[in-house]
Amino acid sequence: MSDDQKYRAAEAAMAEVTSGMRLGLGTGSTAKHFVDIVGRAVQNGLDVICIPTSEVTAAQAKGLGIPLTDLEKTPELDLTVDGADELGPGLALIKGGGGALLREKIVAAASKRMIVIADQSKRVEMLGRYPLPIEVNHFGLGATAAALGAVMADFNAEGDLRRRLKPDGTPFVTDGGHAILDAFFGRIPQPEALAKALADIPGVVEHGLFIGLCKRAYVAGSAGVDVLDG
């Protein structure tokens, strides 16, 4: 049921896409459906040029014949469509479960509008149940982790900080060559303040709190697709 809902959310978001657009393509299981739908539309004559937010999405898009560019050649985008790990009040998001948060945030910030597609399980009354991904530089990793631990204590985190590992037990490395530390807050009642505290730590490359970026969300449930505006 959830995968069907993800598809329906992705399908609904296609109403926002028109020929001539510069389009950011998200990463993750829901965004994958959207890229598939865009690929079929391109084969049927849709004229778009796209920027993928990860190497995985780039490979998928290339396989579908979607024209690609980059932010050097195309620094401003019309629209980015992406998924989310959590969707909270005010369309604040937690993203980065797939490890692409840095590129996702860069692409979203370069876009006139960011739209999120999700199934109803991603909607929460308060962010924080999903672990917050934090992308960090390998240099000084221990010091960065200690500083993050202090911020977690300041914000009354209910869990711990863990280095993300791949299924084989080796450390996960992002497309940009960084590590991911997952912070288990449990509850994030002050996402704006937390975002600033995390960004102030040397060694933190980016964090998975997306605040003020998402302008609309298509959320699919058993009764249909809700459209939420920020």
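The residues that line the second largest pocket of this predicted model divide into eight nonpolar, three polar and five charged, where Ala, Val, Leu, Ile, Met, Phe, Trp, Tyr, Cys and Pro count as nonpolar, Asp, Glu, Lys and Arg as charged, and the others, Gly among them, as polar. A pocket here is an open set of points, on a 1 Å grid over the protein atoms alone, with protein on both sides within 12 Å along at least five of seven lines, and its lining residues have an atom within 4 Å of a point. The second largest pocket holds about 190 Å³ of space, a volume being the space filled by probe spheres set on the points, which are joined across faces, edges and corners. Its lining comprises 16 residues, of which P52, L102, R103, I106 and V107 lie nearest the centre. The elements that give two or more residues to this lining are β2 (49–52) and α4 (101–109), and α4 provides the largest share, five residues. Helices (H or I, at least four residues) and strands (E, at least two) are DSSP runs, numbered from the N terminus.

Residues are numbered from 1 along each chain as its sequence is written, and side-chain values use heavy atoms, with hydrogens and water left out. Because the model is predicted, local features need pLDDT of at least 70 and side-chain atom pairs count only at pLDDT 80 or more, whereas totals for chains, interfaces and linings use all residues.

The largest pocket contains about 260 Å³ of space. Of the 19 residues that line the largest pocket, T27, S54, V56, T57 and G98 are the closest to its centre. Its lining divides into six nonpolar, ten polar and three charged residues, and α2 and α3 (55–63) each supply at least two residues of it.

Helix α2 has 15 residues and reaches 22 Å from its first C-alpha to its last, close to the 21 Å expected at 1.5 Å a residue, the expected span being 1.5 Å times one less than the number of residues. Just after α2, G45 takes a positive phi of about 110°.

Helix α1 (residues 2–13) has twelve residues that should span 16 Å at 1.5 Å a residue, and its end C-alpha atoms are 17 Å apart, which agrees. Within α1, Q5, K6, A9, A10 and A13 are buried. They cover an arc of only 135° around the axis, which puts them on the same side of α1, the arc being that of the directions from the helix axis to the C-beta atoms. An α-helix has 3.6 residues a turn, so residues three or four places apart point the same way. The cover of the buried residues of α1 includes α2 (29–43), β3 (77–82), β6 (111–119), β12 (214–221) and β13 (224–229).

In the loop between α1 and β1 sits M14, which counts as buried at 17% relative accessibility. Not counting residues up to four places away in sequence, M14 touches F34, I37, V38, A41 and L46. M14 and V81 are 67 residues apart in sequence and 9.2 Å apart in space, C-alpha to C-alpha.

Strand β12 contains A217, which is buried with a relative accessible area of 0%. Leaving aside its neighbours within four places in sequence, A217 is in contact with L87, L91, V116, D226, V227 and L228. Of these contacts, L91 lies in the loop between β4 (86–87) and β5 (93–94) and counts as buried at 6% relative accessibility. L91 has a positive phi of about 60° although it is not a glycine.

Helix α5 has 14 residues and reaches 20 Å from its first C-alpha to its last, close to the 20 Å expected. In α5, L141, T144, L148, V151 and M152 are buried. They cover an arc of only 100° around the axis, which puts them on the same side of α5, while the face turned away from this buried side carries the exposed residues G142, A143, A146, A153 and D154. Just after α5, N156 takes a positive phi of about 55°, and at 61% relative accessibility N156 counts as exposed.

Note on methods
Buried means under 20% relative accessible area, exposed over 50%, partly exposed in between (1.4 Å probe, protein chains only). Contact means heavy atoms within 4.5 Å. On a 1 Å grid over the protein atoms alone, a cavity is a set of points where a 1.4 Å probe fits but cannot get out, and a pocket is an open set with protein on both sides within 12 Å along at least five of seven lines; lining residues have an atom within 4 Å of a point.
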